[in-house]
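Visitor: I'd like to learn how to read the packing in a model like this one. Could you walk me through it?

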Amino acid sequence: MRIHITYTGGTIGMIDSPRGLVPGADLEGWLAALLEGTELADSVTMTSLEPLIDSSNATPESWQAIIDDLRAHSAADPDRAFVVLHGTDTMAYTSAALSYALTDFPSPVVLTGSQLPLGEVGSDAAANVTGALRAATSGRLEGVALFFGHRLLAGNRASKCSSWDFEGFESPSAAPLAVTGAPWRWTPRAESGQGWPSPAPYTRHDVVVLDMAPGITAARLEALLAPAPEAVILRAFGVGNVPSQEPGLVEVLQEIIAQGTAVVVSSQCQQAEVLLGHYEAGDAVARAGAVGSRDMTLEAVYAKVQFLLSQGLRGAELAGRIGHSIAGELTP
């Protein structure tokens, strides 16, 4: 099977400079040497997006540039599989974003990167790239996935858990799609989602992510939300609890929702299912008009909100779509 690689930047292709790590490695030459003598030799093409970026600088427009490249090469050769090389810092955001926008895409897409540059002794680059290539050409994968540290994860279920561990990503609420070995161990994916035909391109929208902390006041929350953003992701405690007895705090949320801002409550716990009515402290924000994120990761929630805003949804209409799966990002 033919494979196309979209290279976006990231640690995998970086080299040392007086300003720290910057893009500059001979990625195509390295890949050719890596695949020489294998069944994938001479079957891989590559494009490098301009400019190559550290993934900390990624935006929704960056997501769309990747999508445009994938769609262009799929149109030229529908039988290809696809791999995206990406920096680790925001890879989980990008993989979730791609999953929503590519539910109609005919080929599997696998994102990967590395914790160490490809030129360093002991780098995880070769293992991750060859694993991603194998997953993409397996014939067992649909949709968007993320391969890292010997595990294949659903793209919208992954979250970065370590800045140094070679198993740097976890899937806190869903089992890995596959684990490498001889042979690989595959787990069927239970969730698929409703899809989104002919999605509009990603554009950048004003979405605020706020963490609750003991002692936050209504005045501080109000100041943080002025002027009102298009949407708020409120990272609450446990199953979605907020300091509901803090004078005026729930009223601040109620007022911003009345102004047309969607408020989505997620959890600060990596493993959690947000249940806003389970405690009074969560029921208060539900009665104000907020909605819970169920068991989605922060990355999946943020990308989903950006996706829905890019499709023209706002306020209560957007909030009403949060609990409906687009691409298997939440458990039914």
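Visitor: Which residues of the largest nonpolar core touch the most other members?

Guide: First, some ground rules: this is a predicted model, where local features need pLDDT of at least 70, side-chain atom pairs count only at pLDDT 80 or more, and totals for chains, interfaces and linings use all residues. Residues are numbered from 1 along each chain as its sequence is written, and side-chain values use heavy atoms, with hydrogens and water left out.

Guide: A nonpolar core is a set of buried Ala, Val, Leu, Ile, Met, Phe, Trp, Tyr and Cys residues joined through side-chain atoms within 4.5 Å. Buried means under 20% relative accessible area, exposed over 50%, and partly exposed in between, using a 1.4 Å probe and protein chains only. Here the largest core has 46 residues, and Leu 70, Leu 98, Tyr 100, Val 109 and Val 305 touch the most other members.

Visitor: Which element gives the most to this core?

Guide: Helices (H or I, at least four residues) and strands (E, at least two) are DSSP runs, numbered from the N terminus. Helix α8 gives the most, with eight residues.

Visitor: What is Val 109 in contact with, leaving aside its neighbours within four places in sequence?

Guide: Contact means heavy atoms within 4.5 Å. With those neighbours set aside, the partners of Val 109 include Leu 70, Phe 82, Leu 98 and Val 144.

Visitor: How do I read a pair of helices, say α2 and α3: at what angle do they cross?

Guide: Two packed helices are described by the angle between their axes and the distance between the axes. Axes are lines fitted to C-alpha atoms, for helices over the stretch in contact, and angles run from 0 to 180 degrees between N-to-C directions. The axes of α2 and α3 come within 10 Å and cross at roughly 50°. That makes α2 oblique to α3, because angles under 35 degrees count as roughly parallel, over 145 as roughly antiparallel, 65 to 115 as roughly perpendicular and the rest as oblique.

Visitor: Which residues meet there?

Guide: From α2, Trp 63, Ile 66, Ile 67, Leu 70 and Arg 71 meet Tyr 93, Thr 94, Ala 97, Leu 98 and Ala 101 of α3.

Visitor: And Val 207, buried or exposed?

Guide: Val 207 sits in strand β13 (residues 207-211) and is buried, at a relative accessible area of 12%. Its C-alpha atom is separated by 5.7 Å from that of Val 232, 25 residues apart along the chain. Leaving aside neighbours within four places in sequence, Val 207 has contacts that include Ile 233, Tyr 302 and Val 305.
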